[in-house]
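I opened this model to look up a few things.

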Amino acid sequence: MRVIAGSAGGTNLAPVPKGVRPTADRVRESLFNSLGQFFDGGAVLDLYAGTGALGIEALSRGIDRAVFVERDRKARAVILKNLRRTRFVDRAEVIGGEVEAVLGRLEGREEAFDLIFADPPYRIAAAEVGGISYRLRSLLAPGGRVVIESGEAPVEVAGGRKGVTRRYGGTFVTILGRSELTMIVAVCPGSFDPVTTGHLDVIRRASEIFDHVVVAVGANRRKSSRLPAVERARLIEKVTSDFDNVSVEVMDGLLVDFAREQGARAIVKGLRAVSDFESEFEQAQLNRTMFPELETVFIMASAEHSFLSSSAVREIASLGGDVRGLVPDGILETVRQIYSGKDDKIQGS
Ligand code: PNS
């Protein structure tokens, strides 16, 4: 292995330590061609650095500063040897430890990188690297790019945005910009007492627009409910288990505070009819006063759900009527049992 081009071009790199899968010279060459070949300053972060060949190639091609992260002690010694051979020691920092933990420390340093390489060993699945990719956004300088290599399949970035992937023999190289690393989270709040097929329709449609939807079950209802919030949340979990970008939480205070904690950009609400509008408009405006950056987005209920409400479900169930089709099939029996009690004190929507 050697440095391909730039100020240290042609320098032979130290032998690859056991267990490290280096990026082949021809893959590195193609990769740097697609990155524009040479750089005018900037910083590079080389994660799962191995021999450090990627970061060193970037230094050789004009990047000012490099941070290498490698958990294996022997591999770190090879990186240092390669930095001495190329005379880049003064422009580099080698950090030991697991990538996830080191990322946390780097986030605290307020340093931005123009290039971030992640070339993990085979034992780390592409999906796992896709998972950490969102954390890289805060470390990426404007206009910066993340380059992820994977052996068995292209990296999977949640939200379906995958950047540009090229295949070089058995290696997939994916290049992502900041926009592809942005995860837009929405909160879908409600009492869900109980969750109806109308709610589920809105949650599903929201999950197709946003990268992640947090269903927030209001715990501080003014009116008493037969079911505690945690039980209402469990019912929603049961009927949303097929959606891999939906999670369910109990919300205990102000919606805007909950949204902030979740890093959400939007509140999603379903609108059934004009009659819903007045109270929704009021809530949206109040929430906007408290958290102006948080948008409220309304999803129009499907026509077949426009008449459906939790209060109707509760009333029908409490009087022994059939709520099939009004609540998701998976919780039909549970809803029947819970809400059919004669001492039903539940009120409200
Ligand atoms: O299904 P619902 O009853 O319409 O849901 C109402 C809910 C839970 C969304 C609303 O009461 C709420 O946002 N509660 C949290 C407390 C809060 O933030 N109140 C101020 C909103 S104007």
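I started with helix 1 (residues 25-34) and helix 2 (residues 53-60), whose axes come within 11 Å and cross at roughly 45°. That makes helix 1 oblique to helix 2. My angle classes were roughly parallel under 35 degrees, roughly antiparallel over 145, roughly perpendicular from 65 to 115, and oblique for the rest. I took axes as lines fitted to C-alpha atoms, for helices over the stretch in contact, with angles from 0 to 180 degrees between N-to-C directions. Helices (H or I, at least four residues) and strands (E, at least two) are DSSP runs, numbered from the N terminus.

This is a predicted model, in which local features need pLDDT of at least 70, side-chain atom pairs count only at pLDDT 80 or more, and totals for chains, interfaces and linings use all residues. Residues are numbered from 1 along each chain as its sequence is written, and side-chain values use heavy atoms, with hydrogens and water left out.

Next I listed the contacts (heavy atoms within 4.5 Å). Arg28, Leu31 and Phe32 of helix 1 meet Ala53, Leu54, Glu57 and Ala58 of helix 2. By class, I got five nonpolar, no polar and two charged residues there. Ala, Val, Leu, Ile, Met, Phe, Trp, Tyr, Cys and Pro count as nonpolar, Asp, Glu, Lys and Arg as charged, and the others, Gly among them, as polar.

Then I turned to spaces. I used a 1 Å grid over the protein atoms alone: a cavity is a set of points where a 1.4 Å probe fits but cannot get out, a pocket is an open set with protein on both sides within 12 Å along at least five of seven lines, and lining residues have an atom within 4 Å of a point. Points are joined across faces, edges and corners, and a volume is the space filled by probe spheres set on them.

The second largest pocket has a volume of about 410 Å³. Of its 28 lining residues, Gly19, Val20, Gly50, Glu70 and Pro121 are the closest to the centre. The lining holds twelve nonpolar, six polar and ten charged residues.

I found two cavities of 30 Å³ or more in the whole structure. Helix 9 (274-290) gives the largest share of its lining, four residues.

Last, the backbone. I found a cis peptide bond from Asp193 to Pro194, with omega near 0°. Tyr48 is not a glycine, yet has a positive phi of about 50°.
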